[in-house]
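Please open the model in your viewer and keep the selection tool at hand.

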Amino acid sequence: MERPYILHMFTPGRQTSPFDINMAADAGYQIIAPCCEVGLEHVAALTQDAIFSRGPKGVARTGIFIGGRDAQLAADMLERAQSAMVKPFVVSLMADPSGAYTTAAAMVACVEAALRRRHGQDLDGQRVVVMGGTGPVGRIAGVIAAQAGARVYLSSRNGIDAAQEAADRSGQRFGVSLHGLSAGDPDAVRRSVADADVLLACAAAGVQAVSKEALGAATRLKVAADVNAVPPQGIAGVGAMDDAAPLVGTPAVGIGALAIGNVKYQTQHRLLVQMRTAEKAQVLGFAEAFAVARAFLAGQAGKTA
């Protein structure tokens with residue numbers, strides 16, 4: 001009898017995301033085993049339980065998915081699981097806490113594609129301001145953009161201290177330079193966006209991070225992207241379905257939550273399939289998610305060329 005494909009899902013939270021369970025099933029995993037309230041200190045033992053029970057052939061049909069809500073903790077858990085492997089007992093690993101890695105990757109890849117189509121430029125040297133930059137999607141989007149050469153500023157409604165703390169912690173953890181900006185009042189928001197080439201709105205659902213009035217100050221803006229699908233719009237004038245649509249009253253184009261969401265879905269699905277089908281064990285984090293999102297968008301562009 002052929003061994004089933006098993007995916008162990010480690011999360012620090014009390015529940016595993018139904019979204020991720022559905023995605024894993026659609027990617028071909030036959031047995032999906034949630035493991036909840038997993039701390040960093042538990043990861044090595046759980047990983048070794050998963051690898052030693054199936055033998056060298058069985059581990060090829062075994063994977064570990066790391067969820068939760070903390071983007072930096074997920075990265076630590078991914079590294080801890082990888083270091084617990086003992087050859088030849090090596091399984092594929094993937095982290096995507098609350099979808100933050102695949103969402104951030106999709107968002108930045110969509111922005112990069114729009115910059116190339118509209119301006120013949122990439123992210124290198126662009127001033128990127130991340131509204132809601134202290135959350136998991138905002139932090140990882142900032143890191144990905146910084147790794148691509150952008151000058152990245154994480155903005156927070158809680159003021160400059162909260163923003164700078166998030167920038168310092170995330171920058172140190174992932175080896176990039178990030179900066180903090182305050183969005184604590186309307187004047188601070190206007191100052192934040194005034195010199196932005198790119199705006200990434202990653203604030204909580206239903207929160208408008210950038211008003212129409214604030215956008216009036218964004219005279220050099222090229223691309224505005226918003227992951228908020230819940231009214232009001234995270235960036236005024238960016239519709240959920242917009243895919244590099246002109247942003248009225250600005251020189252920029254807007255990319256909405258559903259356009260980003262489609263790329264996020266395709267990215268997560270492809271990573272899970274890659275994890276299940278690869279001949280060699282995979283370790284998949286946000287860098288790999290960004291590469292897959294870029295490839296997906298390139299393929300879509302090729303179909304319409």
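A helix axis here is a line fitted to C-alpha atoms over the stretch in contact, and the angle between two axes runs from 0 to 180 degrees between their N-to-C directions. Helices (H or I, at least four residues) and strands (E, at least two) are DSSP runs, numbered from the N terminus. This is a predicted model, in which local features need pLDDT of at least 70 and side-chain atom pairs count only at pLDDT 80 or more, while totals for chains, interfaces and linings use all residues. Residues are numbered from 1 along each chain as its sequence is written, and side-chain values use heavy atoms, with hydrogens and water left out.

**First stop: α2 and α4.** Select residues 43–52, which form helix α2, and residues 71–83, which form helix α4; their axes lie 8 Å apart and the helices pack at an angle of about 50 degrees. The two are therefore oblique to each other, a word for angles that are not under 35 degrees (roughly parallel), over 145 (roughly antiparallel) or 65 to 115 (roughly perpendicular). Val43, Ala44 and Thr47 of α2 make the contact with Met77, Arg80 and Ala81 of α4, where contact means heavy atoms within 4.5 Å.

**Second stop: α1 and α10.** Now select helix α1 (residues 18–26) together with α10, whose axes come within 9 Å of each other and cross at roughly 55 degrees. That angle makes α1 oblique to α10. On the α1 side, Phe19, Asp20, Met23, Ala24 and Asp26 meet Lys264, Tyr265, Gln268, His269 and Leu272 of α10.

Is Lys264 buried or exposed? Lys264 counts as buried, because its relative accessibility is 9%; buried means under 20% relative accessible area, exposed over 50%, and partly exposed in between (1.4 Å probe, protein chains only). Beyond its neighbours within four places in sequence, Lys264 touches residues including Phe19, Asp96 and Thr103. Gln266 is also found in α10, and at 18% relative accessibility Gln266 counts as buried.

**Last stop: α8.** Select helix α8 (residues 186–194) and colour Ala188, Val189, Ser192 and Val193, which are buried. Seen down the axis of α8, these buried residues fall within an arc of 125 degrees, so they line one face of the helix; the arc is that of the directions from the helix axis to the C-beta atoms. Among the elements that they pack against are β5 (127–131), β7 (178–182) and α9 (212–215).
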